[in-house]
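Dear colleague,

Please find the structure below.

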Amino acid sequence: MKERASLKLSRNIILAEVFLLVVCFHECCCSQLDHLSDPVLMDKKGDAILPETSPSGSPRPFLPLLAPSPLVPFTNTTVTKLSGICLLNFTAAESLMNVTAIDCWSAFAPFLANVICCPQLEATLEILIGQSSKETNVLALNGTLAKSCLSDIEKVLVGQGANENLTQICSIHASKLTEASCPVNGVNELESIVDTSKLLAACEEIDPVKECCSQICRSAILEAATRIALKSSELLSMDGAHILPQHSTRVNDCKSIVLRWLASKLNASHAKKVLRELSSCNVNKVCPLVFPDIRHVVTGCGDRINNQTTCCGAMGSYVSHLQKQSFITNLQALDCAASLGTRLRKSNITKNVYSLCHINLKDFSLQVGNQEAGCLLPSTPSDATFDTSSEVSFLCDLNDNIPAPWPTTSQVPASCNKTFKIPALPAVASAQNGLHPDGVMHFLLFASSVVLVTLL
């Protein structure tokens with residue numbers, strides 16, 4: 001039976017972890033330091049962060065040493081010191097900023113970055129500038145303001161619980177808030193070049209499932225961005241296949257200007273919905289996982305798989321490394337399965353090792369607690385939530401045991417041509433209770449303590 005679950009981190013458990021880490025630190029610092037020269041201990045340091053994975057055993061859940069702030073942001077009454085230069089209206093976007101802070105919450109930000117945190121952060125930046133253009137009539141910031149505003153935005157979010165390395169995690173730079181290479185940044189100038197009625201009609205309401213294939217709004221945005229990319233007829237006379245690289249960069253920069261204009265015509269919550277739905281198309285069409293070298297799988301599963309135990313052991317060990325990276329959506333899992341399967345096929349492994357070794361789509365995602373269950377996020381945009389019991393949670397599908405499809409060709413299938421159907425949202429919750437993964441934090445508690453002791 002399928003089940004929809006939410007992952008929750010209770011304040012008590014986090015506080016307990018912090019307490020134990022302090023105790024461990026105290027014990028280590030107060031003990032004799034001579035043992036650090038022990039060659040056995042010194043040899044262990046190189047691999048201390050990674051858990052041991054048995055090639056023939058099931059992968060154990062793993063989350064590295066996090067640095068959780070025990071939900072101080074949600075009870076923090078201190079005033080964040082800002083630059084005083086940035087004129088973006090954070091107060092008017094308070095609800096939006098709160099959502100972003102929770103989506104990028106300290107401990108989970110690196111693991112939710114690709115699907116939830118970074119798309120939400122990017123949407124927040126576009127909306128803040130778009131909304132401010134109602135007063136300034138400008139859809140971009142200059143370089144000085146961009147640096148100050150980005151710093152202020154990060155400070156506000158960190159003060160509400162977001163990861164303090166947020167801009168590094170999401171690779172956001174101050175230039176993201178400027179016009180970059182786009183020659184147009186004024187509202188009036190954009191509206192004199194673009195058919196804004198057509199643009200707004202195409203993007204005001206988006207079907208989150210159909211848009212990625214029909215591209216009604218995305219096509220309208222591309223057309224508008226192309227028109228303002230070069231105010232001369234030089235670019236307008238070219239079709240998409242003949243746009244030069246420098247023109248392509250300019251068009252991409254102008255897309256941000258168009259998105260900000262859209263955000264200025266919608267209220268903040270509506271704009272957030274539209275921008276997140278647009279970004280989900282890009283999120284779901286690419287597998288975000290980094291694939292290690294497959295030579296051990298090729299060795300174990302070669303020769304027409306003479307030894308199933310050896311082959312599945314190699315596959316289990318390989319997949320366990322993928323399970324340490326991040327949470328992914330169900331559509332991303334489909335792409336990841338196809339990408340890995342294609343690599344294996346190109347290495348002359350033609351037999352369906354996914355079926356042979358019982359590899360499911362959720363096996364490609366980060367594992368959750370002692371249940372050793374992969375958590376697949378919905379392919380449609382979602383947010384983490386914070387409730388009155390001081391818990392951060394997000395929806396994922398733990399029980400949707402869809403077998404990973406083995407590719408029948410050497411090409412990774414395009415998203416819109418997939419005949420393999422999976423739900424955009426997690427399955428409807430059953431009568432069973434949802435997972436309350438105190439085990440996740442208990443595991444974190446144990447793992448963090450062990451890592452700290454080893455490193456010290």
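Helices (DSSP runs of H or I, at least four residues) and strands (E, at least two) are numbered from the N terminus. Please note that this is a predicted model, in which local features need pLDDT of at least 70, side-chain atom pairs count only at pLDDT 80 or more, and totals for chains, interfaces and linings use all residues. Residues are numbered from 1 along each chain as its sequence is written, and side-chain values use heavy atoms, with hydrogens and water left out.

Helix α6 (residues 166–169) contains L166. This residue, L166, counts as buried because its relative accessibility is 1%, where buried means under 20% relative accessible area, exposed over 50% and partly exposed in between (1.4 Å probe, protein chains only). Beyond its neighbours within four places in sequence, L166 is in contact (heavy atoms within 4.5 Å) with C104, C117, L121, E154 and L157. The C-alpha atoms of L166 and E154 lie 7.1 Å apart, although the two are 12 residues apart in sequence.

A nonpolar core is a set of buried Ala, Val, Leu, Ile, Met, Phe, Trp, Tyr and Cys residues joined through side-chain atoms within 4.5 Å. The largest such core has 62 residues, of which L88, I153, L177, L199, I221 and I228 touch the most other members. Helix α4 gives the most to this core, with 10 residues. A second, separate core of 31 residues includes I305, Y318, V319 and Y354.

Leaving aside neighbours within four places in sequence, the contacts of L199 include V194, A220 and W261.
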